[in-house]
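Welcome! Here is a short briefing to read alongside the model on your screen.

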Amino acid sequence: MDSGVCIVMTSIGTEDEAESLAEAIVEARLAACVQVQRVRSLYVWQDVLHREPEWVLHIKTLDARYGALEAFIRERHSYDTPEIVRVPITAGSADYLDWLRAGSTPRRTQE
C-alpha cells in the first residue's frame, strides 16, 4: 500500500542511552515516534557468547529520512557495530500513516 514509510530498529545497552537517543531522534524530527522496549539479547561478539539486557528502539519514519537517521544513530551510538535495520511498512491505517509522515517531516523555518 505505502512504500514511503518504514520502521528502523536499533538496540542499545542502557535505559538512559535509549531514552536520550529516542528523544534526540524525535526532537530532530527524524521520526514521528520511537518506542523503547527492554529485551534480553543473546549474541556472539568477538567469539564470546553474551547474555545482556538491552533496549530496543522501534523508530517510525519516512523512507526518505533513513539516510539522515542512520547517520544520526551512528554519531550517537555507543556500540562499535550498532544494529540499524530498516523494515518497510507495506500497509497500515491511512490516518496513522498520515500522522507518521507529518511527524517525520522537518519543520519549515520562517524567514
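Let's begin with C33, which is partly exposed, with a relative accessible area of 22% (buried means under 20% relative accessible area, exposed over 50%, and partly exposed in between, using a 1.4 Å probe and protein chains only). This is a predicted model, in which local features need pLDDT of at least 70 and side-chain atom pairs count only at pLDDT 80 or more, while totals for chains, interfaces and linings use all residues. Residues are numbered from 1 along each chain as its sequence is written, and side-chain values use heavy atoms, with hydrogens and water left out.

**The cysteines**

- The structure holds 0 disulfides, a disulfide being a pair of cysteine sulfur atoms within 2.5 Å.
- The sulfur of C33 has its closest cysteine sulfur in C6, 13 Å away, which is too far for a bond.
- C6 itself is buried, with a relative accessible area of 0%.

- A31 sits in the loop between α1 (15-27) and β2; helices (H or I, at least four residues) and strands (E, at least two) are DSSP runs, numbered from the N terminus.
- With 0% relative accessibility, A31 counts as buried.
- Beyond its neighbours within four places in sequence, A31 is in contact with I25, V26, I59, K60, T61, G103 and S104, where contact means heavy atoms within 4.5 Å.
- A31 and L62 are 31 residues apart along the chain, yet their C-alpha atoms are separated by 7.3 Å.

**Helix α3**

- In α3 (residues 94-103), the residues L97, L100 and G103 are buried.
- Seen down the axis of α3, its buried residues fall within an arc of 130°, so they line one face of the helix; the arc is that of the directions from the helix axis to the C-beta atoms.
- These buried residues of α3 pack against β1 (5-12) and β3.

**The largest pocket**

- The largest pocket holds about 220 Å³ of space. On a 1 Å grid over the protein atoms alone, a pocket is an open set of points where a 1.4 Å probe fits, with protein on both sides within 12 Å along at least five of seven lines, and lining residues have an atom within 4 Å of a point. Grid points are joined across faces, edges and corners, and the volume is the space filled by probe spheres set on the points.
- Among the residues that line this pocket are S11, Y43, W45, H50 and E83.
- The largest share of the lining, 3 residues, comes from β2.
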